[in-house]
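Please look at the sequence and the model first, and then follow the account below.

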Amino acid sequence: MQKPGYYGQWGGAFIPEVLFETFQELNAAFTAAKADPSFWQEYVDLMATYSCRATPLTHAANLSKHFGGAQIFIKREDLNHTGAHKANNVMGQGLLVKKMGKKRVIAETGAGQHGVATATMAAKFGLECTIYMGEEDVMRQRPNVFWMEKLGATVVPVTSGSKTLKDAINEAFRDWVTRMDDTHYVMGTVCGPHPFPEMVAWFQSIIGKEAHKQILKQFGSLPARVYACVGGGSNAMGIFQGFLDHPQVELIGVEAGGHGIDSGQHAARLASKDASAGVAQGYHTMFLQNSDGQMMDTHSVAAGLDYVGVSPILTDLWDQGRVRFEAATDKEVMAALELTMKREGIIPALESSHAFVQAYKEAGDMKKDEALIINMSGRGDKDIFTIAHAFNDPSWKAFIIKKGAEYAA
Amino acid sequence: MQLEQLIRAELAKPEKDILLMTHIVLGYPSLEVNREVIRQMVENGVELIEMQIPFSEPMADGPTIVRANQEALEAGTTVKECLAFAEEMCREHATSFLFMTYYNILYKYGVEAFFKKAKDVGIKGFIIPDLPPEEGEEFWRMAAQYDIAPILIYAPTSTEDRMRKLAASAKGFIYCVARKGVTGTHTDFDSSFNEYMARCRKNTTLPLAVGFGISCRDDITFLTGKADIGVIGTATINLVDQKGPEAVGPFIAGLR
Ligand SMILES: Cc1ncc(COP(=O)(O)O)c(C=O)c1O
């Protein structure tokens, strides 16, 4: 029998002993919730009334015509409350926190979307909230830092290591081993020690459940391909679960190609040859690491994809050949973003734009009576500084200079 | 001799009420300074030394040791150098040396190859804070095969059931974490500590080491009679940072 928390050889729970009882408690609470249909119903009701579920599936008619191939559908996780799929997982864990009776939540965040979602949940449920965020990400996702603080959370910039997502995860664990009695760690993606991958995948499966029904209703048959960007892998696992049991649906995970797969400056774990098996941050997966087992510095224009590891569930699906992995470069991402805005009036997050890149590369070669779905994991508003900078936008720059002068005065 | 026997032999000496285990991060600030610090520790009677092989993700460590890990790696410290250094230390000194590191270092090196090398070098035990007995099946097999003691950790949050389960997999001694949290912050011992130590004793026959936030003679005096080994970690790193390696000898000499 497969050990619990393992997907093939991947996963596990490599946790410090001090957290053993905390994980026992969490496993018990999660197992009970999963077995209780009324818990899932409570979750779906909450997401329908507080967030915007079911999120729509949009037929991108202009883009479909533009590429002249497959019918392009976009699953609109950007329309979730707080602007990304992260809210699905966070509200679900929030309900679990209430069942466990904890008073405080902590979380890591890269793009800040998971941090904003957690701060929002904490405000709604009356919990204390601390968010750990790499110093580099604090700089590049400043609007989200502002909102987290306004929502009442304490944002702690993390200055150790590479000052990005993995370092924020380490810091969150250090907090948790100190205050596990009253605190729950809301892990933001399908990574880390068991039961987090299973739990986050379960909450995110709501995306795939909806998308499956929607495509049948709107298009009349299953899609030929489904695309999702992969940081830790939660939005990808979310939508993939709706189609995993249908081998005719090809699943494509798109990782951060950064400055290019051969540049050494990327975060492509499964799409490049640079990763190897390892154990870190509490789980066994493919990591971007050197021959000594030290994690490498990764690069992506998208903070949420800039991570050394990847979900053990996805690594197993990759092992089995069920999910194909590709990478999109920073440059390709900007071009896809611009095209999506101009043709469809939709602004995807930099993370989500990675999935659009790969879909656009393939759409033209597909048949007109085939459909593809792009999981748009979030909206691009949070990236306004990065995108404006990348486009070297003159009127935005003039505005910032003016504002700067005003504040300096 | 096995680690537990070595510890018992030391404890049997009439002048020894408590043993000392110190900690260093290899490559921080440099192997040269490590060499001098270890010499001073040994000359002043430290019985056990845990040498931490730096890792980029030291999840269970506090700010001082995190920074030491990071700077050691930035200075280019490799696993190979750490192993060569360990070989030199085990040859030079009769003290018992242990490796402390995270599981990925062994995993990437090859678990069996790492055990074989450590055995050849003369390492007596491993402290791997992110490897519970439920994980790393190969590690536990190799520990038995190569007769290197896997040191397991008790925490104030550990139930008696859990303590017994850990004791069944552990050898050498048990490392009792004095409080919740990470390394580095000072521990204020209160009445619940005695009750915790009693629970630890009741659930293992192995010697007990106590660490996390032990930094001065008062702490060691307090632990004497309760624990078999006092562990000094962050305190000597801070000392070397502030006063240089030559301050270590007098500090150790003044602990008991
Ligand atoms: C909008 C958006 N998409 C994707 C991701 C990547 O995470 P995951 O791979 O877990 O979906 C993030 C993470 O911060 C995000 O904010």
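B:Phe126 is buried in this predicted model, because its relative accessibility is 1%, below the 20% under which a residue counts as buried. B:Phe139, at 2% relative accessibility, also counts as buried. The rings of B:Phe126 and B:Phe139 have their centres 6.2 Å apart and their planes at 40°, so the pair is tilted. This pair links distant parts of the chain: B:Phe126 belongs to strand S4 (residues 125-127) of chain B and B:Phe139 to helix H7 (residues 137-146) of chain B, 13 residues apart.

Over all chains, a search of the whole structure finds 39 aromatic pairs.

One of these pairs lies in chain A, where the ring centres of A:Phe173 and A:Tyr185 are 5.2 Å apart; their planes stand at 90°, so the pair is edge-to-face. Here, too, distant parts of the chain are linked: A:Phe173 is in helix H8 (residues 165-178) of chain A and A:Tyr185 is in strand S8 (residues 183-185) of chain A, twelve residues apart. The relative accessible area of A:Phe173 is 1%, and the residue is buried. A:Tyr185 counts as buried as well, at 0% relative accessibility.

| Ring pair | Distance between centres | Angle between planes | Class |
|---|---|---|---|
| A:Phe173 and A:Tyr185 | 5.2 Å | 90° | edge-to-face |
| B:Phe126 and B:Phe139 | 6.2 Å | 40° | tilted |

Helix H8 of chain A also holds A:Ala168. At 0% relative accessibility, A:Ala168 counts as buried. Leaving aside its neighbours within four places in sequence, A:Ala168 is in contact with A:Glu108, A:Thr109, A:Tyr132, A:Met133, A:Gly134 and A:Val158. A:Gly233 is 65 residues from A:Ala168 in sequence, and the two C-alpha atoms are 17 Å apart in space.

In chain B, helix H11 (residues 234-243) has several buried residues, including B:Thr234, B:Ile237, B:Leu239 and B:Val240. What do the buried residues of H11(B) pack against? Their partners in chain B are strand S1 (19-25), helix H2 (31-43), helix H3 (63-74), strand S8 (229-232) and helix H12 (248-253). Just after H11(B), B:Gly244 takes a positive phi of about 85°.

Chain B as a whole has twelve helices and eight strands. Its C-alpha trace spans about 45 × 45 × 35 Å along the principal axes. For 256 residues, a compact globule would have a radius of gyration near 18 Å, and the 17 Å of chain B agrees with this. Of the 256 residues in chain B, 60% are buried. Among the contacts in chain B with a separation of 6 or more, 72% join residues 24 or more positions apart.

Chain B carries 27 positive and 35 negative charges, whose mean positions are 4 Å apart.

Definitions and conventions. Residues numbered from 1 in each chain as written. Chains lettered and ligands numbered in written order. Predicted model: local features only at pLDDT ≥ 70, side-chain atom pairs only at ≥ 80, totals over all residues. Heavy atoms only, no water. Helix = DSSP H or I, 4+ residues; strand = E, 2+ residues; numbered from the N terminus. Rg over C-alpha atoms; globule rule 2.2 N^0.38 Å. Buried < 20%, exposed > 50% of the residue type's maximum accessible area, 1.4 Å probe, protein only. Contact = heavy atoms within 4.5 Å. Lys, Arg positive; Asp, Glu negative; His and termini not counted. Charge placed at Lys NZ, Arg CZ, Asp CG, Glu CD. Phe/Tyr/Trp six-rings, centres within 6.5 Å; stacked < 30°, edge-to-face > 60°.
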